[in-house]
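Dear colleague,

Please find below the structure I am handing over to you. My notes on what was found in it follow.

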Amino acid sequence: MTAEITVPEGARHTRILGVGAYRPRRIVDNAEVCRYIDSSDEWIRSRTGIRTRRWAGPDETLGAMAEQAANKAVAAAGLTPADITCVIAATFTHLMQTPAVATEIAHRIGATRAAGFDISAGCAGFVHGVVLASDAVRARGGHVLVVGVERMTDILDLTDRSTAFIFGDGAGAVVVGPSETPGIGPAVWGADGGQADVISQSAPWDVLKKDPGHPFPALRQDGQRVFRWAVYEMAKVARQALDEAGIRPEQLDAFIPHQANERIIDSMTRSMGLPDEVTVAKDIITNGNTSGASIPLAMEAVLSAGAAPSGGTALLLGYGAGLSYAAVVATLP
């Protein structure tokens, strides 16, 4: 006799209910970065748009930064930690293979019964997390906390002219929960593993076991290849996400892409034909590229500044190492 498995009923629709952010205390300008590399404030601004970035102090660990952002997101959603049923952390700078930092985050905020796991999709990780959270809520209900958190400075070679000036640290979080109307559209995601060498770690961790004198593994990237790929391919992904959600460019209130490079953002904006009325997030100018944290940090920034309305429609687009990407249309909290 075949047993019948009982499947719980989840929510028909989902949406983002609250957002929170944490930016490290220390502000680092281009002049300070140029102490380590042969560059200039003018060159960095013209190539990337970056003026400053935040670098975390010793006490601003992944867990500590994520806790601050998570508590703000949960409160903004009108919930308590006891309401959180799952924590998803998007990060690739957690230097411990196990346990997942998501379990630490759940413990720190008091979500003692929540499931917790990390996902590693580079700068696209946060949008992957939102998609997984939406599917989880539709499958079994509850409220899922998604945290993008990175300490990029832990994996940077500050003498590497291709990466040292780009990245910053920080944490951003959202709560995804049930909704009476659709608030998170279909995901458009994928990866081009054939170009995995474009953004990668200089060496695997076990090189330190084999050769204790080896330099600490650091992030490496081919900036020109990333730029060409992102400008050409991600504009297509953005348009596809809009089409699958049934949203026209002029219906958007905000475009919140991964904060990789201001010139990439501007190019995609033109390619998509976004009207001037659409707010385009440019958190990169003051916070640099915070990888998996960049989209929730940028979302919190445009909402806090009143540049986009609560309940407005936004396109979220993440892309990075892998080369992984993910885009989704979402209602802003």
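The model is a predicted one. I begin with a helix pair: Phe-227, Ala-230, Val-231, Met-234, Ala-235, Ala-238, Arg-239 and Leu-242 of α7 meet Arg-263, Ile-264, Ser-267, Met-268, Ser-271 and Met-272 of α8. Sorted by class, this contact comprises 10 nonpolar, 2 polar and 2 charged residues.

As to geometry, α7 spans residues 223-245 and α8 spans residues 262-272; their axes come within 9 Å and cross at roughly 45 degrees. The angle is therefore one that makes α7 oblique to α8. The crossing of the two helices, α7 and α8, is right-handed.

Turning to α8 itself, its buried residues are Glu-262, Ile-264, Ile-265, Ser-267, Met-268, Thr-269 and Met-272. Besides α7, these buried residues pack against α2 (41-48), β11 (254-257), β12 (279-280), α9 (284-287) and β13 (313-320).

Both ends of α8 deserve a remark. At its start, the backbone nitrogen of Arg-263 has a side-chain oxygen of Asn-261 within 2.7 Å. After α8 comes Gly-273, with a positive phi near 70 degrees.

A further point concerns Gln-221, which lies in strand β10 (residues 219-221). Is Gln-221 buried or exposed? Its relative accessibility is 19%, and the cut-off for buried is under 20%, so Gln-221 counts as buried. Apart from neighbours within four places in sequence, Gln-221 is in contact with Ser-162, Thr-163, Ile-166, Phe-167, Val-198, Ile-199 and Val-226.

Yours sincerely

Terms used:
Residues are numbered from 1 along each chain as its sequence is written. This is a predicted model: local features need pLDDT of at least 70, side-chain atom pairs count only at pLDDT 80 or more; totals for chains, interfaces and linings use all residues. Side-chain values use heavy atoms; hydrogens and water are left out. Axes are lines fitted to C-alpha atoms, for helices over the stretch in contact, and angles run from 0 to 180 degrees between N-to-C directions. Helices (H or I, at least four residues) and strands (E, at least two) are DSSP runs, numbered from the N terminus. Angles under 35 degrees count as roughly parallel, over 145 as roughly antiparallel, 65 to 115 as roughly perpendicular and the rest as oblique. A crossing is left-handed if the near helix is turned anticlockwise from the far one by less than a right angle, and right-handed if clockwise. Contact means heavy atoms within 4.5 Å. Ala, Val, Leu, Ile, Met, Phe, Trp, Tyr, Cys and Pro count as nonpolar, Asp, Glu, Lys and Arg as charged, and the others, Gly among them, as polar. Buried means under 20% relative accessible area, exposed over 50%, partly exposed in between (1.4 Å probe, protein chains only). A polar contact is a pair of N or O atoms within 3.5 Å; within protein, one must be able to donate a hydrogen and the other to accept it, and residues adjacent in sequence count only if both atoms are side-chain atoms.
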